[in-house]
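Visitor: I am new to this structure and would appreciate a short tour. May we look at it together?

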Amino acid sequence: MTDKLTGLASRKSFFEQAAGLTTPDVPYTIICMKIARFKQVNDGLGDELGDKVIVQIAKRLKQTFPNAALLGRMAGGNFALLFYDLSENEVEHQIRRLRDFAERPILLRREVIVLSVNIGVAESRSHFDDIADAIHAAEVALHNALSSRVKFSFFDTQMIADARDSHQLENALRVSLTTQATELHKAVHSEEFFLVFQPIVNAKSKQVSAFEALLRWRHPQKGVISPTVFIPIAEQIGVMDLLGSWVIDRACTLAATWPETSEHQLPRISVNLSPSQLQNKALIYQTVKRALDKSGLKPSRLNLEITESQEISSSMIETISELKSLGCTVALDDFGTGYSSLMELNNIPMDYVKLDRSFIASIGGKDEKQERKALNMIRAVVSLVDVFNLVPIVEGVETQYQLSTCLDAGITLIQGFYFSRPLEENDVANYLQTNSSE
């Protein structure tokens, strides 16, 4: 049975055909690929154009990988490939080809769409019981790549245990929070939630420009839980406004107590806004205004981050404009990972653009071709944001070489482990005193 849209094997057929095509005597490799944020692309363009994107991807797969033993569309923007007897170098070559072919722009009805992919790989050398286990392993590796925010991941057995633990935790949270939302309300008032702060540094002056407030939950039974787990649940059960209000209030209160840098500058505080917060203009406006009034923090010291990966409607843009009228600044986060970056730069009233960490990840790596592409992308983005009089910030900088690359490209505002991991609130003042130039 083939997938009606693409002509590739359907998920069920891929399992069945792969079982007939593989034997214990011949090594094989399964590669699972997911079009990054395809749902947002599909929602933004509409189902018809979304289907055309899938058709184009399928055609490219057929043209680019004639040596694949089997190609399949597993679901939505997910695809799978089966190869025979690939060496380690050949597997890496196929991964590079997948990334290259996916990043070539697609032109549909005057819409230019640039996609990226995440990849999971499983090889029969891991001694799976059957092909179904190997395909499942490749999908687990793909999930690991997505959750780790890396482009590709090779399967190892620990991933199964991690995935099982993650599923059990998420399921337990969904059950408890969906049936008893008071648990989340209680957590806000019992100090289970707390903030950590990662500095954004002006790499030229070595002064801290701002701190990004990052939310954490220390559950009394389950330990520290990742925001990637509990925030989607909070959104789903309708308590994100409560949680988001607490974050804004707490962040402003703490920032108002921070000391000056050695150049007598007060660092700003940067807070992420969720889609649901932006959809309620009156509530978020009052929340921000109340937090500023209560804390005494100057509005110019509060930066509000919105993410490019979410669909930003005209009503959300109105909300952003209202918030800017208070004197706050706005940053577009994860820039370069959505499908309509240029349009958003033109329409959204903002001040900063935060380049997604994927831009810098290839800098200083083993793949020289990927590094050259990353350098070209960084330079192109810097030129683009300069046209709109915006200030770029780079996330994910971890090495001196990556830092030098950013400075050479004209980017001075840097966030990443090179300068600091996220700090507990009690460590911020000491960081400001010991990491500013005298």
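**Contacts and salt bridges**

Guide: This is a predicted model. One place to begin is Gln415, whose side chain is joined to that of Glu212 by a polar contact of 2.8 Å.

Visitor: Where is Gln415 placed?

Guide: Gln415 belongs to strand 16, which covers residues 413-415.

Visitor: Is Gln415 buried or exposed?

Guide: Gln415 is buried: its relative accessible area is 2%, and the cut-off for buried is under 20%.

Visitor: Which residues is Gln415 in contact with, leaving aside its neighbours within four places in sequence?

Guide: Among them are Gln198, Pro199 and Ile200, as well as Glu212 and Lys354. The contacts of Gln415 also include Val394, Glu395, Gly396 and Val397.

Visitor: Let us turn to Lys354. With which residue does Lys354 form a salt bridge?

Guide: Lys354 forms a salt bridge with Glu212, and their closest N and O atoms are 3.0 Å apart. This pair links distant parts of the chain, since Lys354 is in strand 14 (residues 352-355) and Glu212 is in strand 9 (residues 207-219), 142 residues apart.

Visitor: Are Lys354 and Glu212 buried or exposed?

Guide: Both Lys354 and Glu212 are buried.

Visitor: Which residues are linked with them in a network of salt bridges?

Guide: The network of salt bridges links Glu212 and Lys354 with Glu305 and Glu395.

Visitor: Why would such side chains pair?

Guide: Side chains of opposite charge can pair when their charged atoms come close.

Visitor: How many salt bridges are found in the whole structure?

Guide: A search of the whole structure finds ten. One of the salt bridges is between the side chains of Glu425 and Arg250, at 2.8 Å from N to O.

Visitor: Which parts does the pair of Glu425 and Arg250 tie together?

Guide: Glu425 lies in the loop between strand 17 (423-424) and helix 17 (428-434), while Arg250 lies in helix 9 (residues 240-255), so the pair ties together parts that are 175 residues apart in sequence. Glu425 is partly exposed, with a relative accessible area of 28%, and Arg250 is also partly exposed, at 29%.

Visitor: And what about Asp293 and Lys289?

Guide: Asp293 and Lys289 form a salt bridge in which the closest N and O atoms are 3.0 Å apart. The two residues are four residues apart in helix 11 (residues 281-295), so about one helical turn separates Asp293 from Lys289.

Visitor: How does their accessibility come out, and which of them counts as exposed?

Guide: Asp293 counts as exposed, with 54% relative accessibility, whereas Lys289 counts as partly exposed, at 32%.

How values were computed: Residues numbered from 1 in each chain as written. Predicted model: local features only at pLDDT ≥ 70, side-chain atom pairs only at ≥ 80, totals over all residues. Heavy atoms only, no water. Buried < 20%, exposed > 50% of the residue type's maximum accessible area, 1.4 Å probe, protein only. Polar contact = N/O pair within 3.5 Å; in protein donor to acceptor, adjacent residues only side chain to side chain. Contact = heavy atoms within 4.5 Å. Salt bridge = Lys/Arg side-chain N within 4 Å of Asp/Glu carboxyl O.
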